[in-house]
Structures are given as C-alpha cells and as structure tokens.
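Work through the exercises below with the sequence and the structure open. Each task is followed by a solution in steps.

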Amino acid sequence: MAGRPSPGNRKSGRRRRKHKARMSNKGDGEEEGEEEEGEQLYTMDDDDTVQLVVNSEHPSRKKIKRKKLQMPNSIEEDSVAENVWLTTIQVFVPFLVAGLGMVGAGLVLDVVQHWDVFRVVTEVFILVPALLGLKGNLEMTLASRLSTQANLGIMDSRKEQWKLIAGNMALIQCQAIVVGSLAAIAAVVMGWIPNGEFEFDHALLLCASSMLTASLASFVLGMIMVAVILFSRWVNINPDNVATPIAASLGDLTTLALLSWIASMLFEAIGQNHWLAPAIILGCLFLTPLWGYIAASNHYTKEVLDSGWTPVISSMVISSAGGLILDFTVSNFKGIAVFQPVINGVGGNLVAVQASRISTSLHQRGHPGYFPPGTPALCLSPFAAFCGSGSHSRTARVLLGMVIPGHLIFSYTISYLHAGHTSFTAIFMLIYLAAAVLQVILLLYIAHVMTLWMWKEGIDPDNSAIPYLTAIGDLLGTGLLALAFQLLYLIGDRDSDVGD
C-alpha cells in the first residue's frame, strides 16, 4: 500500500510518533482547488519532518494524501517564540495596567488597615495574601488553561467554547469556596496560637467574609478572563502574554476591596444580626456540591477537579505563611502595607507569564510526560536560564528588564498620590528595588525548573505551576519586603515610613 514504511525503514529503528487531530485540511503543499475535511494522522521521524496523511470523510474521496511539513528543530523555535519586541510590547502594556491595579490595591490596604475590623480582628491580615493569592490559584490558572486551549485552536469552535467556559467557571467557584474556608480556618488557628484566645464571633466573621469574597471575586474575574482571551484570539494576540497580567491587575484590587467591605459589614453586624455570618457560610456550603457536580460532568474540567486540589491548597498554606509575616510586620512598620500588594503582584504577574508560555510551548509539541526534541535541560544553571539563546531565556530577560522600570513607575504613582507612610529617599528606593529584583530572579528560575519537572512527571503545568509560583512569590515578596524595612530601620532610616 502506498505510503507504508518500507522494511528498510522499519529496520533502521526510526522512532515514529503518531498523533491524531481534527483540523482544516487546506495547507501548504496541496494541489490548488482541492479542499477536504477529514481525519488527519501524522507521523514524525527522527529528523522532525512530519508526514501528514489526510483520510477524507467525503464518500466520493476515499483516497489518502500525503504532504511534508517542516517542524521546528527545537522547542525553543516553535510558534510561541515571537519576535522579542512584539513580546515586550504585548507583555509590558498589560503589565503597566496590572501594576496600576496593584497600586490601587496597596492604597486600599493602606487605608483599611486603620479600620476597626482590621484593628480588632487582626487575623484579617492573615487572610489578605491567601485571598489575593486566589488570582494565582484560580484566575491565573484559568487564564493559563484557556490560553493553551485557544492557542491549540480548540476555542475556535463555538460549541467547545461554551463547554470550556461553563466547566471552568463551575470549577473555580467550587475551588474558591473550599479554599476560602480553609484560608479562614488557617487564619483562626494562626491567630489563636500566639495569643491563646478564641473569639467565636471573630471566627464566624473570618469564615463568612473569606468564603463570600473568594466566590464573588472568582466569578467576576473568571468572566473577565474569558472575555480577554476570546478578544485576544480575535485580534491575533497571544493570550499567554495578556491574560495573566490582566488577571493580576484586577484580582488584587477587586479581592481586597470585597474583603474589606464584607469584613467591615459583618463586624458591624456582631451583636445585632447574629444570623448573617452563619447564613453566608451555609449558603456557600450548599452551593459547593452543585458547582462540583457541574465541573465533574465536563470532560475539560473533570481531571482538574480530581487532581487539582493539591497545588491550590498547598499554595494557600504558603500564602498564609506570608500573611502571618504581614500580620506581624504591619504592626511595627505601617509603611509596608502600601507596597505589599505591589511587590507580590509584580512578581506573580511576571512569573505567571513565563510559566504560561513554557507550558503552551510544551503542549504544542506533545503531552505531559513526553519531552519533545530540543527541550531545554530540566536543571540548567541560572546563567543559562537567563543568558541562553532560546526563546524562554529571551523572555526571562525581557520580564526581568521590566522589574525596575515598573517599580519606579508604581512607586512614583504612590508618591504622587501622597499615599502611605513612606518617604521615598534614595536609600529606600535602592533597598526596595534590590528586594524586588531578587524576588523576580528567584521566581523566574524556579518557574523554569518547576514547569519542566511537572511536565516530566506527567503533571499538566497549566493546572499546577502557577498556584505554587504565585504563592512562593507572595512568601518571598512579603519576607524580602519585611527584611528591607527592618534593614532601613537598623541603618537609621527611622521616619514615618518605617513606623517610628
């Protein structure tokens, strides 16, 4: 039969990989005027040359066609390796928008830290990084998953769009309520252990405000993510470059504003409307099985619902540790509040872009557990990760180059608005920028190693990498920021910016 491999080819031991896909069949190398729709099978030889076999479904066309498609020689040369300037523009504009959202979140936190609920129920500060981290656990992971599906062409079908949207929205609602309740329990325990005091009304306030904030913020931000990715696909922009920064920009501000408002409302209800907090908790618990059932019935989200809890819950615990640092530090250094969402948001924003791009490039060449030819080394040196010639190294340099300009713009904005408790001296900016650069260097390197390791182990990075990375970013950012303020205090910078 024509097209079968000869015995000589079989004896040569060439590895052939067979993949199955539905795609439009009009491509390079076909005769003019011929159009078919059908099942396409292709095999790949060791030289990465694809032999594509089109088996027409049309009853009058039962022939098999073959054509040669030249695949990239390396994963670093695939379709996500855009021009460096195009990548810079596509990332930097949403990055600035995201940064302004983070500045807004910092300004909100700087104001609400003086509210009665934050002064009396100080465990609310522990909730802040955990709930702000939901943008990494849920919304940015959602953006990464949908970006990969969009780049693979699955979202080009209206029917598949609705399946993806419905399943993923139900999934993040289920995850948000569960993670919100666990974050509240962690905050209660972390607040109870040092003091040895337990206030039942405060525990109900923390649980109700955490669960309701997580649910509302995830719904609003999830819908925005869907709209952004569909619009990006329509205007031919890589959604990997814009979706996660926009999720970061709106996530912090929306979540913090909702948390402050709901917690304040429930604090005022203590002693007057005892039923309000328990009613919110019961309502959220009642809806959780419904969202879980919808997600389990959808084949796009069933696997994530079954296996996606470990990264989400683990990252919540990591973020809560950052919240404990914030709770301790903000009592001594009031000026830290306005910078905490900014430094954490910038780090999480940039590392999410890198992880999402690496994951998409891997998906375009294979499936989890299979390393395509030309895949970069799993544990390469930091020098190779940032100074190599591959597309991911170039992207890492581009993202790292945005840190100092971005923080200068955001810091100037805070100063211009006369916000916070910080005077922007040269020594302050030097130490602050050093902490920010160190955070992003560590995160980008961890992103490279973690994403490839997950892929090697058969774990989809779209579902697991970003939650861990943003949580680590929260912990690193809050810890480095606390060290920076402590260092400023020790060297004599003791005006209102360090709480003197």
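**Exercise 1.** At what angle do helix H15 (residues 403–416) and helix H16 (residues 426–456) pack, and how far apart are their axes?

Solution. The model is predicted: local features need pLDDT of at least 70 and side-chain atom pairs count only at pLDDT 80 or more, while totals for chains, interfaces and linings use all residues. Residues are numbered from 1 along each chain as its sequence is written, and side-chain values use heavy atoms, with hydrogens and water left out.

Step 1. H15 and H16 pack at about 135°, with axes 10 Å apart. Axes are lines fitted to C-alpha atoms, for helices over the stretch in contact, and angles run from 0 to 180 degrees between N-to-C directions. Helices are DSSP runs (H or I, at least four residues), numbered from the N terminus.

Step 2. The angle makes H15 oblique to H16 (under 35 degrees is roughly parallel, over 145 roughly antiparallel, 65 to 115 roughly perpendicular, the rest oblique).

Step 3. On the H15 side, the contact (heavy atoms within 4.5 Å) is made by Val403, Ile404, His407, Leu408 and Ser411. H16 contributes Met429, Tyr432, Leu433, Ala436, Val437 and Val440.

**Exercise 2.** Is leucine 132 buried or exposed?

Solution. Step 1. Locate the residue: leucine 132 lies in helix H4 (residues 124–132).

Step 2. Its relative accessible area is 6%, so leucine 132 is buried (under 20% relative accessible area; exposed is over 50%, partly exposed in between; 1.4 Å probe, protein chains only).

Step 3. List its neighbours: leucine 132 touches Asp252, Thr255, Leu256 and Gln340, not counting residues up to four places away in sequence.

Conventions:
Helices (H or I, at least four residues) and strands (E, at least two) are DSSP runs, numbered from the N terminus.
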